[in-house]
Amino acid sequence: MNLPAWSIRNYQFTLVVFAGLIVMGITSFFTMPRTEDPPLNLPGASVFVVYPGANPADLEELVVHPIEEALNELNDIKRVETSIGNGLAVTSVEFHFGTDEDRKYDEVVRQVNGVRDELPEEIYSMETYHWSSSDVVIMQLALVSEEAGYPALQKLAEDLKKELDRVPGVMRTEILAVPGQEVRISLDMEKMARMNIPLDRVAGALAGNNAQIPAGSIRAGDVSFNVKTSGRYHTLDEIRHTVVGSYMGRNVVIGHIATVGYACEDNNYLARFNGRKCIFMTVKQKEDYNVMNITEDLREQAGIFRESLPPGVELEMVFDQSDSVRTRVNGFLENLAGGILLVGILIFLSLGWRASLVVIMAIPFSIFIGLGWVDLAGYGLQQITIAALVIALGLLVDNSIVVTENIERFHALGFRGEEAAVKGTTQLAWPVVSATATTMCAFIPIILMPDKAGKFIQSLPVTVIFTLTASLLMALTLTPYLGKVFLRPSRRGTDARGFKKLIRRVVEGPYRKSLAFSLRHAWLVVVLSLLALGAAGWLFYAEVGRSFFPKAEKPQFMIRVNASESSSLQATDRLARQVEAILDTLPGVKRYATNIGHGNPRIYYNIFPRQFDRSYAEIYVELHEYETERFDHLVARLRAVFGRIPGARINIKELEQGAPIEAPLTLKIMGKNLETLRTLAAEVETALRSTPGAVNVENHSSRQGMDLYFSINREKAGMYGIPVGQIDMTIRTAIAGTEVTSYRTDEGREYPVVMRMPAGDSIALSHLDRIHIPTATGRQVPLRQLASYELRRAPGVISHTGLERCATLTADIEKGYSLDQVIAGLEEKLEKFRWPAGYTYKYTGELESRQESFAGIARASLLAVLAILAILVLQFRSFTRPFIIFAALPLAFIGACLGLYLTGNSFSFTAGIGFISLIGIVVNNSILLVDYTTLLSAEGKGLKQAIMEAGETRFRPIVLTTLTTVGGLLPLTLRGGTLWAPMGWTIIGGLLVSTFLTLIVVPVLYFLFARLDRQLDLLPAG
């Protein structure tokens, strides 16, 4: 079937189909999910175990080893890593990318549940978290008040939560940084000792008097009644009047030996907004919803609720993802609009208004149709998708340009209307399909890249392929019809005006002379090309450098305060207040949110908050605006100031693009002995701190704390008939508290009932003298008679990687330095180290991710070349001509290196994607030359004559293709920031250099191979 002819004859159907596709695309543009970055779900999970009072060594032996061994039984594991601190162990398991993340999470849960019975009963909680992009917070609010207490703030937050949860698209609303409420039984343990009332009797009395046991039902005739008992407590007075023993002939109730009342649990998470006490609320969205619509509704609900707040309480916005999404998406849309304008101007200058009108229609139509298909494929509108549209912008007009020019050529030959449109399109149908297929083949392998970075960029090749497919469909169906309607035979002399006249002068002058000279000195051209390629290779490795993903260029950063491991929450809070005092003096700060004892909620897709840690604080800072030089200067100044604050390591974490990594520079030292690991890590830390370019250096193994060790006199305990376990439990109850039952109010709210000593905010060493232990005879013995205690230094953090102990060092890279430069400087120092037997080190972080991703880029490039080669071999039925065509690739590499070097960019991941894109683009230019030269040679023209004529004839479409692609990319390259500039300059530099070199080198290679292979009849002889 002749598709162009059929489309013109059935133009009504053609128009309706395209109208439907365009309407679908426009609808998708307004309804598809909008995010700043694509969702990135990693196949993995983390197991959090909270064991109050356990030191890292105990947790390692009792908890971590069983969990790690159970998880290690699973298949497809990439890594298992554990961090163990005081009372908290976090084991993370990551699976190879591409595995079913939901199924793997279920397997992790099953394995963890399988070892639960082997773990200590005293574990407070053990939870498994699924790694998911839906955990990113789209909005963070703060209820701020210095006067209101936490219970009042919590009640307000719960009321607001009900309103926010009703907003369509909201998955979960959480209340953070508010201590839970409990019923506190504050025991007077000295009075209990005098009355011979042991702890277990109090616990048993509370539990026994609060039991609500179902009593069944009673039938009376035909009616049945459920029997309700009144076993549970209804008021706190009932708890106070619970009998726990007798003394001097009178009953002793709890009110005699304890005070009973509501109290806050020990606060392990403090929060402030702009220096004022607050609690946080976070909102997470469901997948496939537009964040702009959700946040608009959330803002409306928050505004209504704000009006009903009592005096002294304020509702403040901490973070709103839609602000960043709106800025980023609108910026990219502006870049796209600028590219469309430049391409339109170039086409108009080159083709005239009628032909340019036909060609320019391909831009919006192809973009909207492509977006409709992108939406159907499940991708949203974010910076990667829009960047793909910009890349495709210059490519999608190529097919329409070629078809339109050929229709005009048939008009010049005397054909008219439908006949010219059908013949002009049909003649180029298969070459256009072949050219589009070769371009797509450069992008298809990117979809198959099997790593995190490949998944992050996946929507780019998908969008380009869909858009190019739409442009191909349009070139073969709608463009012929538009050509029939709009195109007319050119009047005499019109083809010698404007841009066409300039191109003709270039062709007939400099280009004709240069090509003739090159054919006379063919081997000189080849040698010079090889020298240029070698120089480009040296430039790439010596000067350009490599990187992974750049900074996010957002007016936000995190300040991380690490106090000494033995620091209390109050000591960490004092350090955080010093940082706040400095922030209050900076005019550029818009707002900041302080988290003490916990990380800030996850507001960025590749930053995961640290869980409860009393020696840690994190402050989220947002500036009024982002300006690169001012931002970098501010960060450098703050680092210098924070470095002078004693008693803490204070780092600034800038937001970065790309897949999640622990830190750009992460070094792990593996071995068995903790002291040896700590010594080696300290030496490496010293070397790293003295290495230029390394900032925020952190040695995780250097954190050590002080533990209070009780040494129980077992002989004495045995003489009194006291089990050692009873002593341990009494100490735990007195210091940490023990939940013995629960209390439910008539309104349905439930509180834990906790027994402990009345020690106020914290337990002091002097309070230990109040603890008494019951003997077998019923007497009470002071704890000090049975045990002594001493302070011992304990490891603050124990880390595992691959079930092996390790010490971890991390660092960020200072602006102006590359990771390779810092590692090279560090390696010079590490080579002088004497490493003990059995101790090794390796780099992870950005280096590991970059090696995986660049290996994926190399594989994708190879697959792209092989796929294009297969198409060319099928088209030309020859190996020699595809080889000549592929000569454009090293020429493109020369231009790409020059583009990166001259603009000061390194070869990043996006630059690698740009080079893969370049493969398909530059090969098409080469195909145009080789195909037409072969056609002219087959018609009997001489070899040099065919080469000269082909070069001059194809000069204009090749240059026009290059200019439209460069014009489309320029706005994104100049304004797209550090993420897209390397990709843009890679494509622009490669295209400009390869285009002009291709017009010389490819004809020369054709000439040499034709002469060399004439006797083998591989190429037609002229």
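The structure holds five cavities of 30 Å³ or more. It is a predicted model, in which local features need pLDDT of at least 70 and side-chain atom pairs count only at pLDDT 80 or more, while totals for chains, interfaces and linings use all residues. Residues are numbered from 1 along each chain as its sequence is written, and side-chain values use heavy atoms, with hydrogens and water left out.

Rolling a probe the size of a water molecule over the atoms shows where empty space is left. Here a cavity is a set of points, on a 1 Å grid over the protein atoms alone, where a 1.4 Å probe fits but cannot get out; lining residues have an atom within 4 Å of a point. Grid points are joined across faces, edges and corners, and a volume is the space filled by probe spheres set on the points.

The largest cavity has a volume of about 80 Å³. Its lining consists of Leu674, Leu677, Arg678, His700, Ser701, Val797, Ile798, Ser799, Cys806 and Ala807. Two or more lining residues come from each of helix 23 (674-689), strand 28 (798-801) and strand 29 (804-813). Helices (H or I, at least four residues) and strands (E, at least two) are DSSP runs, numbered from the N terminus. Helix 23 gives the most to this lining, with three residues. By class, six of the lining residues are nonpolar, three polar and one charged. Ala, Val, Leu, Ile, Met, Phe, Trp, Tyr, Cys and Pro count as nonpolar, Asp, Glu, Lys and Arg as charged, and the others, Gly among them, as polar.

The second largest cavity holds about 50 Å³ of space. Met189, Met192, Ala193, Ile197, Pro198, Leu199, His772 and Gln780 line it. Helix 6 (residues 189-194) gives the most here, with three residues. This lining has six nonpolar, two polar and no charged residues.

An open sheet of four strands has the order 12-7-24-23, with mixed pairing. Strand 12 (258-264) and strand 23 (738-744) stand at the edges; each has a single partner strand, so one side of each is left without a neighbour in the sheet. The twist from one strand to the next averages 30°. Two strands pair if DSSP finds at least two bridges between them. Strand 23 and strand 24 (residues 750-756) pair in the antiparallel sense over six bridges. Within this pair, Ser742 has Pro752 of strand 24 as its bridge partner.

Helix 7 (residues 199-208) packs on the sheet and touches strand 7 (181-187), strand 23 and strand 24. Contact means heavy atoms within 4.5 Å. The direction of helix 7 makes about 20° with that of strand 23. Axes are lines fitted to C-alpha atoms, for helices over the stretch in contact, and angles run from 0 to 180 degrees between N-to-C directions.

Terms used: 1 Å grid on protein atoms, 1.4 Å probe; cavity = no way out; pocket = protein on both sides within 12 Å on 5 of 7 lines; lining within 4 Å.
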